[in-house]
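Please look through the sequence and the model before starting.

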Amino acid sequence: MNHLKQLKQLEKYGSNKRLAAESWSEPWQTLIATALSARTRDDTTIPIATNLFQEYNTLEKLSKAKTSDIEIIIRKINYHKTKSRHVIDCAKMLVKEYNRKVPLDFNELVKLPGVGRKTANVFLSEMGFSAIGIDTHLSYISQKLEWTKNKKPEKIEQDLKILFPKEYWSSLNPILVKFGQTYTNRKKKDEILEKIKRIN
């Protein structure tokens, strides 16, 4: 199965940098950091999320925060004004409706403010569930390696679920994102992907 060999090669080429969803002590921190990282580099997101969680170290505190205070902390994150509102509203909902626990169910997760399909799937895979979070890296690499012909995230997700055995699903996002973040030069990235594509 050449796609499994290709995945192993992508893992070898990628760096071992920490991703925004990784290494938080509380599930709610994992969820918020993942949501903040949308359209923002992980290198930017991680220190900002760390500061946010030092300032607001419980969901209760975060749920009672002022939007303007959150905006100041996360101002270097893209769409920081919208995300500030989402962070507080998400914390409020988790406190009031979910007894301070992040639901481990996709359909419940996407009800939370600021949590879309990608964030929900990345969070679930971090929590040990079989899920594939589709972002720009997964979309680009999957198409280049001809794992999918689709461009819509939901359809790419379905194609990858058919192509890869379930035990590989949760490793797809970290492997492909780490590869994508390692090779920011499009020409260099495409050269390597062409080489990987030829693996049988």
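**Exercise 1.** Is the crossing of H1 and H12 left-handed or right-handed?

*Solution.* The model is a predicted one, in which local features need pLDDT of at least 70 and side-chain atom pairs count only at pLDDT 80 or more, while totals for chains, interfaces and linings use all residues. Residues are numbered from 1 along each chain as its sequence is written, and side-chain values use heavy atoms, with hydrogens and water left out. Helices are DSSP runs of H or I with at least four residues, numbered from the N terminus. Step one is the geometry: the axes of H1 and H12 come within 9 Å and cross at roughly 150 degrees, where axes are lines fitted to C-alpha atoms over the stretch in contact and angles run from 0 to 180 degrees between N-to-C directions. Step two is the hand: H1 and H12 form a right-handed crossing, the term for a near helix turned clockwise from the far one by less than a right angle, with anticlockwise giving left-handed. Step three is the contact (heavy atoms within 4.5 Å), which joins Gln6, Gln9, Leu10 and Tyr13 of H1 to Ile192, Leu193, Lys195, Ile196 and Lys197 of H12.

**Exercise 2.** Describe how H1 lies against H11.

*Solution.* The axes of H1, which spans residues 2-13, and H11 come within 8 Å and cross at roughly 50 degrees. H1 is therefore oblique to H11, the class left after angles under 35 degrees (roughly parallel), over 145 (roughly antiparallel) and 65 to 115 (roughly perpendicular). This crossing of H1 and H11 is left-handed. On H1 the contact uses Leu7, Leu10, Glu11 and Tyr13, and on H11 it uses Leu172, Ile175, Leu176, Phe179 and Thr182.

**Exercise 3.** Which residues of H2 and H8 meet?

*Solution.* The helices H2 and H8 pack at an angle of about 145 degrees with their axes 9 Å apart, and H2 passes H8 in a right-handed crossing. Pro27, Thr30, Leu31, Thr34 and Ala35 in H2 meet Thr119, Val122, Phe123 and Glu126 in H8.

Terms used
Helix = DSSP H or I, 4+ residues; strand = E, 2+ residues; numbered from the N terminus.
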